[in-house]
Amino acid sequence: MNAETNVVAQSRVASPEAEGAWIAFGRRMYWSVKREVWENRSIYLAPLAVAAVFLLGFLVRSSRSLNMHAAGLTTVEQATVFAQTFDLAALVLMGTTFVVALFYCIEALQGERRDRSILFWKSLPVSDGVTVLSKAIVPLLLLPLLTFAITFATQCIMLLLSAVILLASGQSLAMLSHLSLGQRWVGLFSHVVGGHGLWYAPIYGFLLLVSAWARRAAFLWAVLPPLAIGVLEKILFNTSHFASMLGSRIAGADTSPAMATGVTPMVHGMPLEHFASPGFWIGLALTAACLWGAVRLRRYRGPN
Amino acid sequence: MSCIEARGLRKSFGNTVALDGLDLRVQEGRILGIIGPNGAGKTTALNAILGLTPYQGELRVLGRDPWTERDLLMCDVSFIADVAVLPRWIRVWQLLDYVAGVHPRFDRSKAEAFLAKTSIHSTSKVRHLSKGMVTQLHLAVVMAMDARLLVLDEPTLGLDILYRKQFYDSLLNDYFDQRRTILVATHQVDEIQHVLTDVMFIHLGRVVLSCSMDQFESRYVEVSVRPEKVEAARVLKPVNERQALGRSVLLFDGIDRQKLGEFGDVRTPSIADVFVALLGDRPGHAQGAAS
């Protein structure tokens with residue numbers, strides 16, 4: 001072989017590195033996340049459908065109730081009633097996207113092995129790390145942001161509808177000024193990103209790990225072991241630390257009483273001390289470990 | 001330059017040995033056919049070359065270690081692992097968008113030009129395409145990647161003859177050039193015989209035969225021996241003997257053609273003939289597990 005072809009060969013080999021791994025990483029990540037959304041359209045269709053149904057219900061109910069009861073209530077009382085529906089919208093949408101996230105995670109790494117499309121994905125220069133991370137980004141970041149955006153839009157429409165109904169029935173808009181909207185939305189944002197993204201992260205991480213590991217029936221593998229641990233603990237030690245730990249993870253947070261009431265924390269957002277709690281950081285570490293395991297499994301395990 | 005170089009490649013799954021010290025050397029610009037019965041280790045060997053499975057032994061693909069440098073290697077290697085591994089939910093335009101997004105040397109217009117010659121629409125979903133069309137689509141994507149090594153594992157299994165012929169014609173006419181190397185593992189031996197430059201038989205994880213097609217054609221001779229000459233012909237130690245149309249057909253390895261002409265009609269055997277002759281009676285064939 002002469003020197004010239006050697007140079008050609010070398011430059012061809014070197015080119016992927018020369019392109020700059022960092023930019024390539026961002027680009028691959030972007031396309032991989034986009035691919036996930038193409039494949040799992042329920043990511044946005046489910047919350048949109050729920051929002052539409054909620055708005056319809058809201059329209060029917062408020063066109064009746066705002067008229068009938070408004071007369072007997074003070075503006076502050078009116079605002080309280082309205083705020084409850086307002087927060088209910090957020091709650092329903094958060095519940096929807098949480099369920100979507102759970103089902104998404106359990107399917108994410110098993111589906112591609114079941115239909116063998118993993119053989120196609122692996123024929124492209126996208127590493128297992130990028131793939132798993134792009135799948136983790138969906139419940140950790142994309143769904144919370146989407147939840148916020150759709151909730152925000154839904155609530156804006158609710159405000160508009162109420163304003164129209166109030167004006168049409170000859171009432172003042174004073175009630176709407178008692179809603180402290182700015183605070184509500186900042187609170188909502190930190191709640192979905194901090195709570196539904198990061199506090200729930202170990203749940204998603206565990207499900208992705210199970211999804212990468214289970215050959216079939218990933219759902220059973222995700223549910224039965226935690227159940228078994230809880231039951232065993234009860235039988236052996238007559239305690240229920242594991243169950244209460246799981247419970248507090250799902251219910252939202254540690255001991256603060258505001259958390260228990262459900263709606264209040266959404267208004268105030270995640271308290272700062274929450275991010276400083278060891279439980280939060282242990283959860284993130286656990287998530288990282290699960291994702292690392294999922295990457296290893298996808299790498300080592302044959303496609304079938 | 002060697003495109004692939006393997007020495008003593010080993011891999012076992014539990015007690016089953018899939019690769020038992022496989023040696024392999026493929027030069028750049030060749031089209032190698034890997035032929036073997038089910039369970040011979042073809043797919044395992046290809047998976048090792050593609051960095052899909054860990055292995056023991058030495059292996060370099062385009063100068064890289066496929067297991068540790070897999071992500072970089074995949075910029076220069078493309079593969080069709082099987083018919084119908086394209087995700088069923090994806091639309092054609094999404095597939096092209098995605099590959100263009102993640103592959104540094106994907107020429108989208110090339111893929112579109114190829115697809116324009118087919119009846120595949122860019123809005124079609126893979127799930128709605130026929131098996132043959134899915135293979136066309138996959139081929140269009142792979143041919144638009146400027147890869148140096150293309151690996152095909154049973155790329156035409158289950159397709160009708162028209163699609164199969166078209167597949168290899170496109171590959172030869174529109175894709176292959178002296179810089180590229182192609183590796184094909186298949187059972188449909190006869191159809192790819194004219195495509196190959198090299199051939200390799202593997203059985204039970206070992207190489208049984210490895211030579212260029214030129215060598216193959218000069219080495220193997222099949223003679224339909226006249227009944228009175230059978231004994232004389234057998235003295236020359238044929239590698240195989242079978243009966244066809246009442247005559248003994250003897251296969252010789254490395255015996256002069258002119259000399260054999262004295263016994264009867266001489267012809268060059270197909271890959272399939274030699275394959276059956278060399279591997280047909282081997283132990284282990286009957287139990288051949290799925291690869």
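**Figure 1. Burial in chain B.** Of the 291 residues in chain B, 43% are buried. Buried means that 20 or more other C-beta atoms, placed from the backbone, lie within 10 Å of the residue's own. The model is predicted: local features need pLDDT of at least 70 and side-chain atom pairs pLDDT 80 or more, while totals for chains, interfaces and linings use all residues. Residues are numbered from 1 along each chain as its sequence is written, with chains lettered from A and ligands numbered from 1 in the order written.

**Figure 2. Overall fold of chain B.** Chain B has 11 helices and 13 strands. These are DSSP runs, numbered from the N terminus: helices are H or I with at least four residues, strands E with at least two. The C-alpha trace spans about 70 × 40 × 35 Å along its principal axes.

**Figure 3. A four-stranded open sheet in chain B.** The strand order is 11-12-10-13, with antiparallel pairing. Strands pair if DSSP finds at least two bridges between them. Strand 11 (240-244) and strand 13 (264-267) are the edges, each pairing on one side only. From one strand to the next, the twist averages 25°. Angles run from 0 to 180 degrees between N-to-C directions, with axes fitted to C-alpha atoms, for helices over the stretch in contact.

**Figure 4. Strands 11 and 12 of chain B, with helix 11.** Five bridges join strand 11 to strand 12 (residues 247-253), and the two run antiparallel. B:Arg242 has B:Val249 of strand 12 as its bridge partner. Helix 11 (residues 271-279) packs on the sheet and touches strand 10 (220-225), strand 11 and strand 12. Its direction makes about 90° with that of strand 12. Contact means C-beta atoms, placed from the backbone, within 7 Å.

Notes: A residue is buried if 20 or more other C-beta atoms lie within 10 Å of its own, exposed if 12 or fewer, and partly exposed in between; C-beta atoms are placed from the backbone. Two residues are in contact if their C-beta atoms, placed from the backbone, lie within 7 Å.
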